[in-house]
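Please look through the sequence and the model shown here before reading on.

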Amino acid sequence: MSLAVVILAAGEGTRMKSSVPKVLHKVCGKPIISHVLKLVCGLEPAKIIVVVGHQRDKVEKVLGGGVEVVEQEKQLGTGHAVLIAEKSLKDYRGDVLVLSGDSPLTRGETLQKLIELRRRTGAAVALLTAVLKNPTGYGRIIRDGDKIIRIVEEKDATAKERENNEVNSGIYCFDNDELFDFLKRVTNDNEQKEFYLTDIVQIIREKQKKAVGMLAEDETEILGINSRKQQAEADKIIRKRIIYRLMDEGITFIDPDLTFVGSDVRIERDTIVHPLTFLEGEVLIGEGCEIGPSVRLVNTIVGKNVKIQNTVIKDSVIEDDASLGPFCSLRKGANIKKGAKVGTFVEIKKSEVGVDSKVPHLSYIGDAVIGENVNIGAGSITCNYDGIEKHKTVIEDDVFIGSDTMLVAPVKIKKGAMTGAGSAITSDVPAESLAIERSEQKVIKGYAKKLRKAKKDKGN
Ligand code: UD1
Ligand code: CA
């Protein structure tokens with residue numbers, strides 16, 4: 001039997017109090033709707049239909065290919081939103097899974113079970129429910145024994161009905177055959193004057209058809225995001241799931257509550273992640289590394305046995321046995337080769353630091369290629385920008401750059417050369433040579449003593 005999926009994402013999300021449509025707010029670094037899409041793609045459905053409306057252009061942009069987008073011009077309610085998908089399902093036979101674009105926590109296995117339940121029971125609808133400690137805001141499930149009679153929205157519920165803490169997840173599996181016939185009978189005779197999808201349950205019962213419920217084992221799976229508070233809760237739950245999975249794979253997290261790992265992060269075993277580490281986007285970390293405390297890695301590849309502390313790295317590659325920090329900033333295109341060291345207060349951009357080379361203190365390295373076994377003295381920088389264009393610095397193997405050298409690019413320091421501390425190097429330095437550029441030192445004997453005495457005589 002085939003499967004079609006309808007994702008409802010036309011609403012504004014008023015309760016978020018935002019100019020950004022709700023489904024585009026992020027949890028764990030990704031738009032809420034992208035989590036839902038990833039989840040349903042795992043079910044390999046024949047069709048995915050996304051109902052958009054409020055700021056549709058922005059929402060469409062994050063959907064990517066492989067989905068059919070339909071527009072609900074006016075957001076008249078969830079029931080009305082599903083009706084918009086009718087045309088796209090005209091010649092379709094099979095199950096229709098309907099979910100909200102604002103509920104990113106459901107698991108694939110749970111959806112699979114819900115679909116199987118509908119198929120097994122031949123019900124017109126199988127819906128996922130959960131028992132919540134605090135059911136506020138959710139539709140309540142009204143039962144007669146095992147049977148689900150109807151769903152009542154919080155705003156329409158009596159005080160007694162509100163006490164009921166079994167709630168509607170907003171996730172349903174329908175049989176496409178009669179779905180739209182039933183839907184067309186839904187009216188907007190309620191508190192919000194909306195066409196509620198939830199009213200379909202009562203209609204199904206009235207038509208002597210079956211509505212079956214499946215209680216979620218883990219109630220966090222049904223959490224919908226309507227407010228910033230729920231957004232933060234969802235973020236925490238997804239983050240924990242990711243970290244616990246990595247722990248099972250052999251990674252140590254000193255404090256999972258204080259570590260932030262995105263869903264596209266891969267880490268190999270025996271790596272230790274210290275608190276206040278943020279791993280965002282596509283990050284790959286090899287075996288035996290020590291990352292953190294206070295490290296932010298964005299779209300970065302890290303080799304084996306690398307140590308990084310108190311550092312921000314974006315769009316870069318760090319090779320095996322390198323060590324970085326504390327307090328480095330590596331911007332787009334840094335490549336730190338095997339065994340290299342980048343130390344305190346160093347910024348690197350679009351540059352290569354060669355095997356076993358060191359940039360230990362207070363440097364800026366931009367648009368440079370540094371060879372193997374090079375030492376860059378404290379405070380040295382590449383002057384790569386003349387105010388109009390960027391220029392390249394090349395430092396070949398075994399070079400020693402004296403402290404506080406200004407390398408005015410374009411410039412090349414050839415193999416085995418040295419620069420004297422405090423030099424402004426403006427032209428290429430030949431191999432194995434010393435380049436020194438500073439005015440000669442003057443010594444005025446006894447001057448300091450004379451000055452101190454003069455000050456003392458004046459009384460300070
Ligand atoms: C809905 C359910 C509620 C359930 C809860 C679970 C209804 C009437 N209520 O309430 O029983 O407990 O989800 O999270 O269905 N949308 C549209 N077009 C519309 C209205 C909404 O596409 O006209 C979309 C929204 O963008 C959202 C989803 O449908 O992604 C759910 O709408 P929302 O307003 O969040 O419903 P809830 O009040 O959470
Ligand atoms: Ca919702």
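## Ligand 1 and its surroundings

In this predicted model, a polar side-chain atom of asparagine 226 lies 3.3 Å from an oxygen atom of ligand 1, which falls under the heading of a polar contact (a pair of N or O atoms within 3.5 Å; within protein, one must be able to donate a hydrogen and the other to accept it, and residues adjacent in sequence count only if both atoms are side-chain atoms). The protein covers 91% of the 760 Å² of accessible area that ligand 1 has on its own, areas being computed by the Shrake-Rupley method with a 1.4 Å probe, with only the protein chains shown counting as cover for residues. Backbone atoms take part as well, for a polar one of alanine 10 is 2.9 Å from an oxygen atom of ligand 1, and a polar one of leucine 76 is 3.4 Å from an oxygen atom of this ligand.

There are 23 residues around ligand 1, of which Gln72, Gly77, Thr78, Glu153 and Asn168 come nearest; a residue belongs here if one of its heavy atoms lies within 4 Å of the molecule. Strand S1 (3–9), helix H3 (78–83) and strand S10 (166–175) each supply at least two residues of this shell, where helices (H or I, at least four residues) and strands (E, at least two) are DSSP runs numbered from the N terminus.

Histidine 274 is placed in the loop between strand S15 (272–273) and strand S16 (277–280), and is buried with a relative accessible area of 18%. Its side chain is joined to that of glutamate 290 by a polar contact of 2.9 Å.

Helix H1 (residues 32–41) is largely enclosed by the rest of the structure, because eight of its ten residues are buried, among them Ile32, His35 and Leu39.

## Notes on the model

Residues are numbered from 1 along each chain as its sequence is written, while chains are lettered from A and ligands numbered from 1 in the order in which they are written. The model is predicted, so local features need pLDDT of at least 70 and side-chain atom pairs count only at pLDDT 80 or more, whereas totals for chains, interfaces and linings use all residues, and side-chain values use heavy atoms, with hydrogens and water left out.

Key. Buried means under 20% relative accessible area, exposed over 50%, partly exposed in between (1.4 Å probe, protein chains only).
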